[in-house]
Amino acid sequence: MSAAEFLPQRKSLSALREAADGCRGCHLYQHATQTVFGEGPKSARIMLVGEMAGDREDREGRPFVGPAGRELDRALEAAGIDRGDVYVTNVVKHFKFEERGKRRIHQTPRKGEVDACMPWLDTEIKLIRPRGLVTLGATAAKALLGSSFRLTQHRGELLESDLAPVVAATIHPSAIVRQRDSEAREAERLALADDLRTVMEAV
Ligand code: SF4
């Protein structure tokens, strides 16, 4: 099974979003609240690709609206990037979690789940045809740049790729939220904004 069976005939963003609502391409739809599809204008010059919806995103049905989304907004602003010029999405469109008491704890999607969901992202990239594409976090980097890609070695570099004229990989903004103290958070904030600025200057 994969999402490929659920792709609509008509390849438009709205048709895609609607079809993704009913995707049963893997088991992850069973416990999640809803599909969290990408968001942003078709004319976006920059596409940002994260791993997967989080708890808040799952409830609201929109990508990057929780604490990581706030960090992303902050980094975009610091990098001088207008959110209206950006399309944000995730590799995996349903939230994967483990319940601990009342809390839902994020679980990293497995390769099989990532592969099953890729037809949505592949089609989003084809439709948007961004000038710049940035992967956020290791899962998105490996999904789009290959399983041997090492984020720690190539973070913030401009990479050769068929995905878009300008491609780079950086951390997921949730990594900022997870830092232990405000000094470490601030350092990661500056580094994320720097990586996004590098892309912005190149597109
Ligand atoms: S995670 Fe992706 S492939 Fe799996 S059901 Fe959701 S949209 Fe379909």
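These legends accompany several close-up views of one predicted model.

The model is predicted, so local features need pLDDT of at least 70 and side-chain atom pairs count only at pLDDT 80 or more, while totals for chains, interfaces and linings use all residues. Residues are numbered from 1 along each chain as its sequence is written, and side-chain values use heavy atoms, leaving out hydrogens and water.

**View 1. An open sheet of four strands, with parallel pairing.**
Here the strand order is β2-β1-β5-β6. β2 and β6 (166-170) stand at the edges with a single partner strand each, so one side of each has no neighbour in the sheet. From one strand to the next, the twist averages 20°. Strands are DSSP runs (E, at least two residues) and helices are DSSP runs (H or I, at least four), numbered from the N terminus; two strands pair if DSSP finds at least two bridges between them.

**View 2. Strand β1 beside β2.**
β1 (residues 46-52) pairs with β2 in the parallel sense, over six bridges. To find your place, look for G50, which stands opposite N90 in β2.

**View 3. Helix α8 across the sheet strands.**
Helix α8 (residues 182-202) lies across β1, β5 (132-136) and β6, and runs at about 175° to β6. Axes are lines fitted to C-alpha atoms, for helices over the stretch in contact, and angles run from 0 to 180 degrees between N-to-C directions. Contact means heavy atoms within 4.5 Å.

**View 4. The β3-β4 hairpin.**
Strands β3 (residues 97-100) and β4 (residues 103-106) run antiparallel and are joined by four bridges. R100 stands opposite R103 in β4. Two residues lie between the strands, and G101 in the turn has a positive phi of about 65°.

**View 5. Helices α4 and α5 packed together.**
The axes of α4 (residues 111-128) and α5 (residues 138-145) are 11 Å apart, at an angle of about 75°. The two helices are therefore roughly perpendicular to each other (65 to 115 degrees counts as such). On the α4 side, V114, M118, L121 and I125 meet T139, A143 and L144 of α5. By class, this contact has six nonpolar residues, one polar and no charged.

**View 6. A79 in its loop.**
A79 sits in the loop between α3 (67-78) and β2 (86-92). A79 is buried, with a relative accessible area of 7% (buried means under 20%, with a 1.4 Å probe and protein chains only). Not counting residues up to four places away in sequence, A79 touches A193, L196, R197 and M200.

Note on methods
Parallel < 35°, antiparallel > 145°, perpendicular 65-115°, else oblique. Nonpolar A, V, L, I, M, F, W, Y, C, P; charged D, E, K, R; others polar. Buried < 20%, exposed > 50% of the residue type's maximum accessible area, 1.4 Å probe, protein only.
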